[in-house]
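Then read on for a short briefing.

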Amino acid sequence: MDPQVVDLARTAGTTVVTLMASDTWNRARDGLVALWRRAHPERADQLADQLDATRDELIAARAAGDEQSEEELNSEWQSRLRRLLMAEPGLAEELSRFLEEFAPSTGGQPVVGEVHMHAKASGRGRVYQAGRDQHITEG
């Protein structure tokens, strides 16, 4: 199994479940159903119902503080999306675009490269790290 497909499915599954509790859910739901419709038009309406049911479960789990149920929902959608990508590898690019559309805003700043930070403080030492702007005021 292609590790990139697995990673894409993992990210997408978690993102889909996260979006279920957001203001952009209806638009995200429509985009996901449209993606599914291209691969399995006969199952797209059923998927829409499953997404709605999952959203109801997620909202109930969050209201009850049930983190385990939320993790299970993440895993379920990760698996579904992985199976979709394995059956229809051509959808990977479209799923990536879907994720980009709903990615958190970077405030108009371009995202370039990766940041890897490691720090160690001992005694009374302090460590301040930031991937972007950082303002520290100490009295």
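Residues are numbered from 1 along each chain as its sequence is written, and side-chain values use heavy atoms, leaving out hydrogens and water.

**The whole chain**
- The protein chain has five helices and zero strands, where helices (H or I, at least four residues) and strands (E, at least two) are DSSP runs numbered from the N terminus.
- Of its 139 residues, 29% count as buried (under 20% relative accessible area; exposed is over 50%, partly exposed in between; 1.4 Å probe, protein chains only).

**Confidence**
- The chain averages a pLDDT of 85 (the predictor's confidence in each residue, from 0 to 100).
- Over residues 106-113, pLDDT stays under 50.
- Where pLDDT is low, the predicted coordinates should not be read in detail.

**A look at helix H3**
- H3 covers residues 44-64, which makes 21 residues.
- Its buried residues are Ala44, Leu47, Ala48, Leu51, Thr54, Leu58 and Ala61.
- Seen down the axis of H3, these buried residues fall within an arc of 145° (taken from the directions from the helix axis to the C-beta atoms), so they line one face of the helix.
- On the other side of H3, the exposed residues include Asp45, Asp49 and Asp56.
- The buried residues of H3 pack against helices H1 (3-19), H2 (25-39) and H4 (67-87).
- After H3 comes Gly65, which has a positive phi, near 70°.

Technical notes. This is a predicted model: local features need pLDDT of at least 70, side-chain atom pairs count only at pLDDT 80 or more; totals for chains, interfaces and linings use all residues. The expected span of a helix is 1.5 Å times one less than its number of residues. Contact means heavy atoms within 4.5 Å.
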